[in-house]
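Biologist: Hi, could you walk me through this structure? I am new to it, so please go slowly.

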Amino acid sequence: MKAAVFHGRGDVRIEDVAEPGSPARADVVLEVVRAAICGTDASEWDHGPILCRPGVVLGHEFVGRVVEVGDEVAGLRIGDRVVSGAGISCGHCLWCRRGRTNLCAEYRTLGLQVDGGLAEYVASPASICRLVPDGCDDDAAAMAQPLAVALHALSRVGLGREETVAVIGVGGIGSFIVAGAADRATDGRVVAIDIDAQRLATATALGAGETVDATGRELAELLLELTDGVGFDVVIEATGAPHAPAAAIAGARRAGRVLLVGLHGAPRELQLTPMILREIDVFTTVAHICDTDIPAALDLLTRSEVARVTAGPRIPLDALVDDGLRPLAERRATGKILVSPA
């Protein structure tokens with residue numbers, strides 16, 4: 001079968017590799033009908049290996065049809081269309097027992113440490129596969145995993161229906177966070193902040209009530225200006241920019257919450273005393289919890305226009321590097337790039 005194999009920095013090859021073979025007792029084999037690529041894939045190609053194991057088949061965002069089931073699999077049948085959550089947890093460590101499977105002591109991810117779905121076929125634990133509703137097409141279903149990451153982030157801060165929320169950085173995961181926030185804060189205020197006009201237009205289409213171009217603006221001052229000096233109930237930082245965490249904290253109201261989504265490659269300085277005196281809660285987030293976040297993502301994709309608004313070009317697997325990874329790494333990509341492996 002054809003598969004996208006990661007060999008190292010600047011080296012992803014579309015190769016003929018062996019099919020997964022008969023599944024393990026608790027696994028299924030999927031024929032991949034649609035996959036998607038994200039910033040992680042592009043980062044690994046551009047300057048990895050960071051998380052990827054050289055020799056691994058890429059792809060952690062995909063939907064497929066079950067073609068084989070292991071002897072111990074219940075609830076899935078040949079022909080079922082499913083999304084794999086991609087994150088594999090052990091099920092028995094402290095964090096798994098507490099329902100925090102995304103923090104599993106043995107956590108691995110399809111497409112990073114285990115062969116993934118940028119291939120014609122992929123093996124996945126049945127326990128992390130979820131049936132796709134009939135009303136959710138393949139392009140939309142391929143976005144379930146990254147949307148689940150965004151919805152998990154929102155669950156960390158418990159966004160309320162009437163709350164005000166600012167999302168700083170609305171590309172990639174940030175745009176999905178806007179969609180989730182608009183779906184949850186239905187009587188509140190969702191403000192999208194970025195320096196890219198196209199991203200802001202997408203945020204509007206995803207439900208942001210207001211968009212703000214932050215070009216040339218001091219971010220903390222902007223957040224306070226937008227709230228008459230009070231600050232937002234929730235500020236979500238999804239850029240990873242050096243100054244953004246401190247600005248997000250300064251732009252939260254008394255007893256507000258700050259969610260840090262963007263990753264940082266260096267230490268950041270924060271003024272703790274003002275944060276303590278205003279009782280600001282700071283949250284972080286990583287990955288998603290399959291049992292709750294994948295079904296929530298599929299539900300939102302089925303009843304909303306999220307997939308239509310965010311979908312980018314659909315490309316064949318052979319064009320993955322030049323039409324997928326390269327434009328994404330060079331920040332030329334528009335929309336979620338979808339891949340047809342067959």
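Biologist: Let me start with a detail: where is the place of Ala 255?

Modeller: Ala 255 sits in strand β14, and please keep in mind throughout that this is a predicted model.

Biologist: And what is the phi of Ala 255, positive or negative?

Modeller: The phi of Ala 255 is positive, at about 65°, although the residue is not a glycine. As background, most residues other than glycine have a negative phi.

Biologist: OK, which sheet is β14 in, and what is the strand order?

Modeller: β14 belongs to an open sheet of six strands, ordered β12-β11-β10-β13-β14-β15, and the pairing is parallel. At the edges stand β12 (210-213) and β15 (281-284), and each has a single partner strand, so one side of each is left without a neighbour in the sheet. On average, and ignoring direction, neighbouring strands of this sheet are turned by 20° against each other.

Biologist: How many bridges join β14 to β15?

Modeller: Four bridges join strand β14, which covers residues 252-260, to β15, and the two strands run parallel. Within this region, Val 258 stands opposite Val 282 in β15.

Biologist: Which strands does α4 touch when it packs on that sheet?

Modeller: α4 touches β13 (232-237), β14 and β15, and the direction of α4 makes about 150° with that of β14.

Biologist: Now the helices: at what angle do α4 and α5 pack?

Modeller: Helix α4 (residues 144-157) and helix α5 (residues 173-184) pack at about 55°, with their axes 8 Å apart, and α4 and α5 are therefore oblique to each other. Their crossing is right-handed. On the α4 side the contact includes Pro 146, Leu 147, Val 149 and Ala 150, while the α5 side includes Ile 173, Phe 176, Ile 177 and Arg 184. By class, the residues of this contact divide into eleven nonpolar, two polar and one charged.

Biologist: How does α4 sit against α10, then, and what is the angle there?

Modeller: α4 packs with helix α10 (residues 290-303) at an angle of about 110°, and the axes are 8 Å apart, which makes α4 roughly perpendicular to α10. Among the α4 residues that meet α10 are Ala 144, Gln 145, Leu 147 and His 152, and among their counterparts in α10 are Asp 293, Ile 294 and Leu 301. This contact has ten nonpolar, two polar and one charged residues.

Biologist: Changing topic, how do the axes of α1 and α12 cross?

Modeller: The axes of helix α1 (residues 39-47) and helix α12 (residues 320-329) come within 8 Å and cross at roughly 90°, and the two helices are therefore roughly perpendicular to each other. The contact includes Asp 41, Trp 45 and Asp 46 of α1, together with Leu 325 and Arg 326 of α12. Its residues divide into six nonpolar, one polar and three charged.

Biologist: What about the peptide bond from Gly 48 to Pro 49, cis or trans?

Modeller: That bond, from Gly 48 to Pro 49, is cis, with omega near 0°, and Pro 49 lies in the loop between α1 and β4 (61-69). For context, most peptide bonds are trans.

Biologist: Last one: which residue caps the N-terminal end of α6?

Modeller: Asp 196 caps the N-terminal end of helix α6 (residues 197-205), where a side-chain oxygen of Asp 196 lies 3.0 Å from the backbone nitrogen of Gln 198. α6 is followed by Gly 207, whose phi is positive, near 115°.

Notes
Residues numbered from 1 in each chain as written. Predicted model: local features only at pLDDT ≥ 70, side-chain atom pairs only at ≥ 80, totals over all residues. Heavy atoms only, no water. Axes fitted to C-alpha atoms, helices over the stretch in contact; angles between N-to-C directions. Parallel < 35°, antiparallel > 145°, perpendicular 65-115°, else oblique. Left-handed = near helix turned anticlockwise from the far one by under 90°. Contact = heavy atoms within 4.5 Å. Nonpolar A, V, L, I, M, F, W, Y, C, P; charged D, E, K, R; others polar. Polar contact = N/O pair within 3.5 Å; in protein donor to acceptor, adjacent residues only side chain to side chain. Pairing = 2+ DSSP bridges.
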